Amino acid sequence: MSQSTVANRYAQAIFELAIKQNVLTEVSADFQELTKVLSSNEEFMALLTAPKISTNRKKELIAQVLTGAQPIVINMIQFLIEKKRLNELSAVAEQYQTLAAAAQGSADAKVYSTRELTAGERAEISAAFSKLVGKEQLNITNIIDASLIGGVRVQIGNYIFDSTVASKLEDLKRVLVG
């Protein structure tokens with residue numbers, strides 16, 4: 001998951017500013033909400049990138065829509081609009097989340113399973129795998145994938161721990177077929 005240099009620089013600047021103002025978790029929560037909106041509402045991004053709408057009007061819209069958000073987040077989005085780099089918004093948010101999680105001793109993990117994990121299962125997975133990657137806790141995103149047949153696949157950054165029935169069957173097939 002490579003990020004652009006611009007997104008990394010913007011995320012680093014926002015991260016340092018959030019630490020300085022002691023609003024790391026609040027900015028992180030705002031970015032999580034923003035990521036959800038961007039992924040679920042394509043019309044919002046289309047509105048912000050529409051060439052017929054002036055830059056000043058777009059900035060006003062952001063200020064109106066994100067009234068409860070941290071000023072750091074609002075200013076960053078307005079800056080991206082001004083510099084015509086709004087296409088970097090998702091990458092900046094993702095990189096910021098990574099920096100914030102590392103600073104807080106946690107990491108993001110994608111857990112693929114055949115069904116929704118219970119809170120207890122999430123806690124067990126977090127406890128077991130956080131030690132393997134040297135973190136205190138994991139922020140788990142559960143992804144349902146019926147093709148796994150059973151078991152779980154855990155992805156933490158560049159690490160993948162695969163204990164699914166599908167992968168075990170594939171390994172067995174390679175051994176038997178050659």
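Is Gln 97 buried or exposed?

1. Gln 97 is buried, at a relative accessible area of 12%; buried denotes under 20%, exposed over 50% and partly exposed in between, with a 1.4 Å probe and protein chains only. The model is predicted: local features need pLDDT of at least 70, side-chain atom pairs count only at pLDDT 80 or more, and totals for chains, interfaces and linings use all residues. Residues are numbered from 1 along each chain as its sequence is written, and side-chain values use heavy atoms, leaving out hydrogens and water.

2. Helix α6, residues 89–103, holds Gln 97 (helices are DSSP runs of H or I with at least four residues, strands runs of E with at least two, numbered from the N terminus). Not counting residues up to four places away in sequence, Gln 97 touches Ser 28, Phe 31, Gln 32 and Asp 108 (contact: heavy atoms within 4.5 Å). Its C-alpha atom is separated by 10 Å from that of Gln 12, which is 85 residues apart along the chain.

3. Strand β3 (residues 151–156) pairs with β1 (residues 106–113) in the antiparallel sense over 4 bridges; pairing requires that DSSP find at least two bridges between two strands. Val 111 has Val 154 in β3 as its bridge partner.

4. Strand β4 (residues 159–164) runs antiparallel to β3, joined by 6 bridges, and Ser 163 in β4 stands opposite Val 152. The two strands form a hairpin with 2 residues between them, and Gly 157 in the turn has a positive phi of about 60 degrees.

5. Helix α8 (residues 165–177) contains Val 177. Val 177 is exposed, with a relative accessible area of 69%.
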